[in-house]
Amino acid sequence: MVEDGHTHINPASMGVRTYPLRLYSFTDGIYVISASQANATIVGGRVVRIGDTPTDRAYQVVRTIIPRERDNEMWCRNLGVRLLAVPEFLEGLGL
């Protein structure tokens with residue numbers, strides 16, 4: 001059922017690429033919470049933009065592909081930051 005909280009895009013099961021990092025949306029911004037060993041120095045850093053787009057705006061664009069009816073806001077934030085690490089989604093959304 002499209003537009004319920006249990007229907008969503010799971011990048012891991014689609015075989016798409018992901019950047020070698022994990023993001024988390026805290027109340028004061030989106031931060032890198034883990035990264036590949038080669039990129040370990042970015043862990044703890046705040047993401048200020050995705051390409052040329054400020055992070056807040058990029059997150060709002062990504063939210064447009066998340067179902068409108070959600071279980072809760074935290075679920076939406078969790079999925080949104082996962083999608084920010086998928087190059088194919090970013091390109092498709094013009095980010």
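**Note on helix H2 and its surroundings**

1. In H2, the buried residues are Thr55, Ala58, Tyr59, Val61, Val62 and Arg63, where buried means under 20% relative accessible area, with a 1.4 Å probe and protein chains only. These buried residues pack against strand E2 (29-35), strand E3 (49-50), strand E4 (53-54) and H3, contact being taken as heavy atoms within 4.5 Å. Helices (H or I, at least four residues) and strands (E, at least two) are DSSP runs, numbered from the N terminus.

2. The model is a predicted one, in which local features need pLDDT of at least 70 and side-chain atom pairs count only at pLDDT 80 or more, whereas totals for chains, interfaces and linings use all residues. Residues are numbered from 1 along each chain as its sequence is written, and side-chain values use heavy atoms, with hydrogens and water left out.

3. Helix H2 (residues 55-63) packs on helix H3 (residues 73-83) at an angle of about 105°, and their axes are 9 Å apart; the axes are lines fitted to C-alpha atoms over the stretch in contact, and angles run from 0 to 180 degrees between N-to-C directions. H2 is therefore roughly perpendicular to H3, a term that covers angles of 65 to 115 degrees. On the H2 side the contact is made by Tyr59, Val62 and Arg63, and on the H3 side by Glu73, Cys76, Arg77, Gly80, Val81 and Leu83.

4. Arg77, which is found in helix H3, is buried, with a relative accessible area of 18%. Leaving aside residues up to four places away in sequence, Arg77 touches Ser25, Phe26, Thr27 and Tyr59. A polar atom of the Arg77 side chain lies 3.1 Å from the backbone oxygen of Phe26.

5. Arg17 is found in the loop between helix H1 (11-14) and strand E1 (21-26). Its C-alpha atom is separated by 6.1 Å from that of Val86, although the two residues are 69 residues apart along the chain. Arg17 touches Ala85, Val86, Pro87 and Glu88, not counting residues up to four places away in sequence. The side chains of Arg17 and Glu88 make a polar contact (3.0 Å), that is, a pair of N or O atoms within 3.5 Å of which one must be able to donate a hydrogen and the other to accept it.

6. For the chain as a whole, the secondary structure comes to 4 helices and 4 strands, which follow the pattern α-β-β-β-β-α-α-α along the sequence. Of its 95 residues, 34% count as buried.

Terms used
Parallel < 35°, antiparallel > 145°, perpendicular 65-115°, else oblique. Buried < 20%, exposed > 50% of the residue type's maximum accessible area, 1.4 Å probe, protein only.
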